[in-house]
Every structure is written in structure tokens, then in C-alpha cells.
Amino acid sequence: MSRFLILAYGLLSYAVFFLTFCYALGFVGNFLVPRTMDSPALVPLGNALLVNLGLLGLFAVQHSVMARPAFKRWLTRFIPEPAERSTYVLMSSLALIALFWFWQPMGGLVWEVTHPLGRAVLYGLFGFGWALVLVTTFLINHFDLFGLRQVWLHFRGRPYTPLPLRAPGPYRLVRHPLYVGWLFAFWATPTMSLAHLVFAVMTTAYILVAIRFEERDLMEALPGYAEYRQRVPMLVPRLFR
Ligand SMILES: C[S@@+](CC[C@H](N)C(=O)[O-])C[C@H]1O[C@@H](n2cnc3c(N)ncnc32)[C@H](O)[C@@H]1O
């Protein structure tokens, strides 16, 4: 029964993540969802800025603290180990849902590209970013990253085996292609509002800080990561340096 419940929990967390990911696409790209990042301002600028920084901070703290090995050790004193990653995925999705729900548009136009070719290029780069994010999750292991592999192995009564260091495709050019994808997704827009700029600047800063923590853990957990780190650039392929 417990195996079945943990599997159901993993599937539920994944479903919440999947819907949140789809919603995020419309929220950042300004389509299909009722209120997007760039909707008209509703409250004074200072209040909106405070609320938005708080929401981004909440996500950053949740996403970083819950990813640390020490936190995972503490959490698995209370929840079964196979459900730990699904809990991380669920909590990350809930932090994002809170961000979508309470986000305050801020008005203000930072840039607006009107030329059809320019708009097409920027939408292309936006799509490239989201596609890169999705593809890289499969290159590492989509099902492990989102907790499904853990609950499935547990359901089948098999032990969990950690993933080894991998460097397929874009991981040969940069160590963090998934984060490169986010940078394209957040910065490539024909209409950059003030709220969108705050979002892009803060998430970029967060990615740079998160990489330091992630790599510190990976150097301990993955044999060969230190050498890989020496050899492969972080975010910008050598070709363009
Ligand atoms: C959200 S993913 C982001 C991966 C990477 N930072 C990127 O931007 O492509 C984070 C997880 O991927 C795994 N990971 C990162 N780089 C890896 C690599 N080269 N090989 C295997 N696993 C990796 C680690 O378990 C890490 O916790």
C-alpha cells in the first residue's frame, strides 16, 4: 500500500509540475493565460516591486535550500526517501504557482521591437530557450530529475542508483545548458516591461548563485566533475569567447 501511495504521490507531483511548466510558458511569453507577467499595473510601483521581489526570493530560498544534501537528510527523517525528489518538485511548483498568482505587473516599457523580422527572431530565441530546457532534462534524465524514477524503482522493490556524470550534446559545450535555456526564455522578448526586466535580472542573478551551490555538491557527489569543470565552460561556449 505504501509503495502504491508513494507512486501515486510521485505521479501527482509530476502532473502539478507539468501543468506549472505549461502555465509558465504562457505567463512569461504573454499568451493564453489570464494574467501574465506584463499585464497592466494594478498597484503603485513600489508595492509591486516589493511583492515581486518577495515572490522571487521565496522561490529562490525554497529551490536552493531544499536542494542541499543536508536538508534532504533532515527531510528524509520525516518522509520516505523515494518521495524526497517528488516533494522537492511539488514544493517548487507550489512556489511558482504562488508567483503566478500574486505577481504584480508593473507597466513601464523598457524596449519594444516592432519590426516583424526582429519580433520573429526574438520569438524564435524564446522558443529555443524553452525547447533547450526541456531537451536537456531528457539528456540528464527527465524522470530522475522530476522524481518519477525514484518512486517507480521503489514501487518495483528495486534500490535507487544515483546517476553518473553525463556530458551528452550541449553538455560538451557548456556545463549548464538547461540554465542557458532559461536565460534565453527570460531575456528574449520583443516587449520588455519593467516587471519582465525585474524577473529576468533577478532570475539571472539567482542562476549564477545557484550554479556555485550546485557545483559544490556535484564535485562531491559525481566522480570526474572537477575535471569536467576545468575542461568545459560554465554558460558561454568557447567558440563565442
Ligand atoms: C536542474 S538540473 C540542471 C543541470 C545543469 N545545471 C544544467 O543547467 O544543465 C540539476 C541537476 O542535474 C544534475 N546534473 C547537473 N549536471 C550534470 C551532469 N553533467 N551529469 C549528470 N548530472 C548532472 C544534478 O543532479 C543536479 O542536481
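The radius of gyration I will quote is taken over C-alpha atoms, and the globule rule is 2.2 Å times the number of residues to the power 0.38. Keep in mind that this is a predicted model.

Start with the overall dimensions. For 241 residues, a compact globule would have a radius of gyration near 18 Å; this chain has 19 Å, so the two agree. Along the principal axes, the C-alpha trace spans about 55 × 45 × 30 Å. As for burial, 25% of the 241 residues are buried.

Next, the secondary structure. The chain has 10 helices and 2 strands. In sequence order the pattern reads α-α-α-α-β-α-α-α-α-β-α-α. On contacts: take the pairs at least 6 apart in sequence, and 81% of those contacts join residues at least 24 apart.

Now the ligand. Which residues come nearest to it? Of the 14 residues around the ligand, the answer is Leu165, Arg166, His176, Leu178 and Tyr179. Helix 8 gives the most, with 3 residues.

What is the make-up of the shell, in nonpolar, polar and charged residues? The shell divides into 10 nonpolar, 2 polar and 2 charged residues.

To recap: the radius of gyration of the chain, 19 Å, agrees with that of a compact globule, and helix 8 is the element that gives the most residues to the shell around the ligand. That is what I have for today.

Key
Residues are numbered from 1 along each chain as its sequence is written. This is a predicted model: local features need pLDDT of at least 70, side-chain atom pairs count only at pLDDT 80 or more; totals for chains, interfaces and linings use all residues. Helices (H or I, at least four residues) and strands (E, at least two) are DSSP runs, numbered from the N terminus. A residue is buried if 20 or more other C-beta atoms lie within 10 Å of its own, exposed if 12 or fewer, and partly exposed in between; C-beta atoms are placed from the backbone. Two residues are in contact if their C-beta atoms, placed from the backbone, lie within 7 Å. A residue is near a molecule or strand if its C-beta atom, placed from the backbone, lies within 6 Å of it. Ala, Val, Leu, Ile, Met, Phe, Trp, Tyr, Cys and Pro count as nonpolar, Asp, Glu, Lys and Arg as charged, and the others, Gly among them, as polar.
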